[in-house]
Amino acid sequence: MPENDLLQNPAFRGPGLGERLRELFLGEKRPLDCVQVEVTSHCAGRCLYCPHTTQAKSWRSRHMSDEVFAALWPLLRRSSRAHLQGWGEPLLHPRFFDFVALARKAGCEVSSTSCGLRMDADLAARLVQSGMDTLAFSLVGTDAASNAARAGVPFERVCEAIRLIRSVQRKRGASGENTPEVHLAYLMLADRIEAAAALPRLMEELDVRMAVVSTLDYIAAPEQAALAFAPEETDRIARARAVLERAAAEAAAGGREIYYALPGPRAVADAGGCRENVTRGLYVDADGALSPCVYLNVPAGEGGPRRRIFGNALDGDAWELWNGEPFGAFRAALADNAPEACCLDCPKRFEV
């Protein structure tokens, strides 16, 4: 498909003034909070904890086609945000910026998460001019040693990518072209809890206002369970919480923010629901398959009990598929604390 044909299609009519005013002044909320879109599953990293590494022999590396992204229009028009990233490095997709533009035309805020390997001055300039709202950079440590689990993604390379973005933003700040907001997407591994104590210092050095800390929710190989936090590991969770509380307080004193979630008691799950917010969102893989979340559709292997797919955007209206009885029943069961087996022990149900 020729460049920008996605944007020229008259079928892709953005929200009109009346719709914008209702959302802005009357508080009318779109039915979906977020559509997470795996624009590609290609990645140059070999992070030790990622299924891209542990299941390399069966991994399916592919870019999302223009036809698939165009078929997501019914979802994008009903979603507040489009997060363009799944099991790969989104900036490797040759049409990434066209996808950003179409999501913005649909009225979505647009975010993404990158490892930073592709970044150079030209790409940084395009990102700043793209109209994206948020761009996060992934880390598992606050220096080269603690970040070593992200094999193939050197710590200093990530820092340099952030510096490039921030440099472009400062130069363009006077003209108002200083988006996107840059965040850190920090994965706290259970074998390097103390590294997070240096997050406020790193945020100050890189001039990053916000860090969002998560834990390992997908165990890609049995031996990696030691890198995650199980709900019954109360002592280790308490130690992690103490580190993060101190880091958050230190960051706040400098005008920066650290958000985090850690597993709580299993009783937390009795209330139903999930921090992935599957009742108001969904995940779409690079082939167009719809799933409740990224963890239930890993592009490797032959499927199995941890893969749940509810149709494909190329085979029918994606909004109707989300509202269909099978997908709706899955969400209702999770909300009623009667989830399917694939969700039963997922850490996302216990996080607070």
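Reader: Before we start, what should I know about the model and its numbering?

Author: Residues are numbered from 1 along each chain as its sequence is written, and side-chain values use heavy atoms, with hydrogens and water left out. In this predicted model, local features need pLDDT of at least 70 and side-chain atom pairs count only at pLDDT 80 or more, while totals for chains, interfaces and linings use all residues.

Reader: Why is the pair of Trp59 and Trp87 called edge-to-face?

Author: Let's start with the rule. Rings of Phe, Tyr and Trp (its six-membered ring) pair if their centres lie within 6.5 Å; planes under 30 degrees apart count as stacked, over 60 as edge-to-face and the rest as tilted. The structure holds eight aromatic pairs. For Trp59 and Trp87, the centres are 6.5 Å apart and the planes stand at 80°, so the angle falls in the "over 60" class.

Reader: What parts of the chain does this pair link?

Author: Distant ones: Trp59 is in the loop between helix 3 (51-54) and helix 4 (66-71), and Trp87 is in the loop between strand 2 (79-84) and helix 6 (96-105), 28 residues apart. Helices (H or I, at least four residues) and strands (E, at least two) are DSSP runs, numbered from the N terminus.

Reader: What makes Phe96 and Phe97 an edge-to-face pair?

Author: Their ring centres are 5.4 Å apart and their planes meet at 85°, so this pair is edge-to-face. Both Phe96 and Phe97 are buried.

Reader: Why is helix 6 described as mostly covered?

Author: Seven of its ten residues are buried. Those buried residues are Phe96, Phe97, Asp98, Phe99, Val100, Leu102 and Ala103. Helix 6 is followed by Gly107, with a positive phi near 95°.

Reader: Which residues is Trp59 in contact with, leaving aside its neighbours within four places in sequence?

Author: Contact means heavy atoms within 4.5 Å. On that rule, Trp59 touches Ser41, Pro51, His52, Trp87, Val298, Pro299 and Ala300.

Reader: And what about Arg62: why is it called buried?

Author: Arg62 has a relative accessibility of 12%, so it counts as buried. Its place is in the loop between helix 3 and helix 4. Leaving aside neighbours within four places in sequence, Arg62 is in contact with residues including Glu38, His42, Asp285, Asp287 and Pro299.

Reader: What makes a charge sit over a ring?

Author: NZ of Lys or CZ of Arg must be within 6 Å of the ring centre and within 35 degrees of the ring normal. The charged end of Arg331 sits over the ring of Phe327, 4.9 Å from its centre. Arg236 lies over the face of Phe229, at 5.7 Å from the ring centre. Phe327 also belongs to a cluster linked by ring pairs, together with Phe310, Trp319, Trp322 and Phe330.

Reader: How do you know a cavity from a pocket?

Author: On a 1 Å grid over the protein atoms alone, a cavity is a set of points where a 1.4 Å probe fits but cannot get out, whereas a pocket is an open set with protein on both sides within 12 Å along at least five of seven lines; lining residues have an atom within 4 Å of a point. Grid points are joined across faces, edges and corners, and a volume is the space filled by probe spheres set on the points.

The structure holds one cavity of 30 Å³ or more. The largest cavity has about 100 Å³ of space, and among its 15 lining residues Cys274, Cys293, Leu296, Cys343 and Cys346 lie nearest its centre. The second largest pocket has a volume of about 300 Å³. It is lined by 17 residues, and Asp217, Ile219, Asp345, Cys346 and Pro347 are the closest to its centre.

Reader: Why is Asn277 called partly exposed?

Author: Its relative accessible area is 27%, so Asn277 is partly exposed. Asn277 is found in the loop between strand 7 (257-260) and strand 8 (281-284), and its phi is near 60°, a positive value in a residue other than glycine.

Key:
Buried means under 20% relative accessible area, exposed over 50%, partly exposed in between (1.4 Å probe, protein chains only).
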